[in-house]
Amino acid sequence: MKLSHRSLLKLFGYLLISLAAWYLGYFAAAHVPQNAISIDALQEIVKKPVLRAPAPKRQKCDHWSPCPPENFAYRILSGAGKQRRAKICFEDEQLISEWNYDIGSGINIAIVNYKTGKLRSTNFFEMWRRDQSREMMNFIRNAPVGSLILMATHDDGSTRLKNDTKKLVEELGSKEIKNIKFRSSWVFIAAKGFKLPDKTVSEIHFSFCCAVTNRLC
Ligand SMILES: *[C@@H]1O[C@H](CO)[C@@H](O)[C@H](O)[C@H]1NC(C)=O
């Protein structure tokens with residue numbers, strides 16, 4: 001069969017279009033800005049295929065699988081940039097969420113009773129426009145023995161953070177508090193007066209970009 005001039009042109013056109021489409025896809029994949037992908041977003045992508053299996057059931061604090069019965073489920077998510085605020089979930093209760101306080105940058109803290117799993121108090125401490133290091137120390141010191149202390153940065157939690165406050169957080173087991181920088185993303189869980197279970201990842205720190213999640217039982 002002989003192709004006419006016209007159909008050759010058409011064929012060439014199709015080829016060009018599919019090539020362009022392929023290239024565009026490649027381009028988009030290669031040029032997604034890296035710092036726009038939070039760890040959480042990556043986890044969303046990874047978890048997608050699992051959702052095709054049996055009826056997807058939502059777990060406490062958006063965990064992927066249920067925690068053993070005698071464990072608390074929690075999830076600490078740092079803020080990202082100015083806009084995305086920190087979130088702290090404990091036993092499916094949003095102790096600190098995007099909605100429950102006015103705009104502030106700094107360190108968010110929730111204190112929970114380790115025996116009952118009930119919330120004792122929450123607060124956040126500005127470290128950019130004001131120095132609330134002293135208030136933060138008082139808040140931590142006032143937590144009774146037997147408390148879990150959950151912390152997460154939003155925007156900037158380091159600029160005005162005083163050394164003696166860092167020392168207090170270090171005494172709670174933090175290895176990273178002295179390393180956090182302007183707009184570091186940092187999450188931390190500490191136990192006051194007792195030891196966390198061995199498998200606990202108590203702290204995550206990234207000195208750049210994205211939100212970090214600590215999501216464990
Ligand atoms: C705080 O600690 C850092 C590092 O140890 C030190 O360089 C700095 O001088 C200290 N700042 C004050 C005000 O003591």
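Author: Leaving aside residues up to four places away in sequence, Lys 60 touches Cys 67, Ala 73, Glu 91 and Asp 92, where two residues are in contact if their C-beta atoms, placed from the backbone, lie within 7 Å. This is a predicted model, in which local features need pLDDT of at least 70 and side-chain atom pairs count only at pLDDT 80 or more, whereas totals for chains, interfaces and linings use all residues. Residues are numbered from 1 along each chain as its sequence is written.

Lys 60 sits in the loop between helix H2 (39-47) and E1; helices (H or I, at least four residues) and strands (E, at least two) are DSSP runs, numbered from the N terminus. Lys 60 counts as partly exposed because 18 other C-beta atoms lie within 10 Å; a residue is buried if 20 or more other C-beta atoms lie within 10 Å of its own, exposed if 12 or fewer, and partly exposed in between, with C-beta atoms placed from the backbone. Between Lys 60 and Phe 72, which are twelve residues apart in sequence, the C-alpha to C-alpha distance is 9.3 Å.

Cys 61 is likewise found in the loop between H2 and E1, and with 23 other C-beta atoms within 10 Å it is buried. Its phi is positive, about 55°, although Cys 61 is not a glycine. Most residues other than glycine have a negative phi. Glu 91, one of the residues touched by Lys 60, also has a positive phi, near 50°, and is not a glycine either. Glu 91 belongs to the loop between E2 and E3, and its 17 other C-beta atoms within 10 Å make it partly exposed.

E1 and E2 run antiparallel and are joined by four bridges, and the bridge partner of Arg 75 in E2 is Cys 89.

A further open sheet has five strands in the order E5-E4-E6-E7-E8, again with antiparallel pairing. Here E5 and strand E8 (203-206) are the edge strands, each pairing on one side only, and neighbouring strands are turned by 15° against each other on average, direction ignored. E4 and E6, which run antiparallel, are joined by eight bridges, and Gly 106 has His 154 as its bridge partner in E6. H3 packs on this sheet, touching E4, E5 and E6, and its direction makes about 165° with that of E5.

In H3 the buried residues are Ser 133, Met 136 and Ile 140. Seen down the axis of H3, they fall within an arc of 60°, so they line one face of the helix, the arc being that of the directions from the helix axis to the C-beta atoms. What covers these residues includes E4, E5, E6 and helix H4 (163-171), while Arg 134, Asn 138 and Arg 141 are exposed on the other side of H3.

A nonpolar core is a set of buried Ala, Val, Leu, Ile, Met, Phe, Trp, Tyr and Cys residues joined through C-beta atoms within 7 Å. Among the 38 residues of this core, Ile 88, Ala 110, Ile 149 and Leu 150 touch the most other members. Ile 149, not counting residues up to four places away in sequence, touches Ile 109, Ile 111, Ile 140, Ala 143, Leu 172, Ala 190 and Lys 192.

As for the chain as a whole, it has four helices and nine strands, and 31% of its 217 residues count as buried.

Notes:
Two strands pair if DSSP finds at least two bridges between them. Axes are lines fitted to C-alpha atoms, for helices over the stretch in contact, and angles run from 0 to 180 degrees between N-to-C directions.
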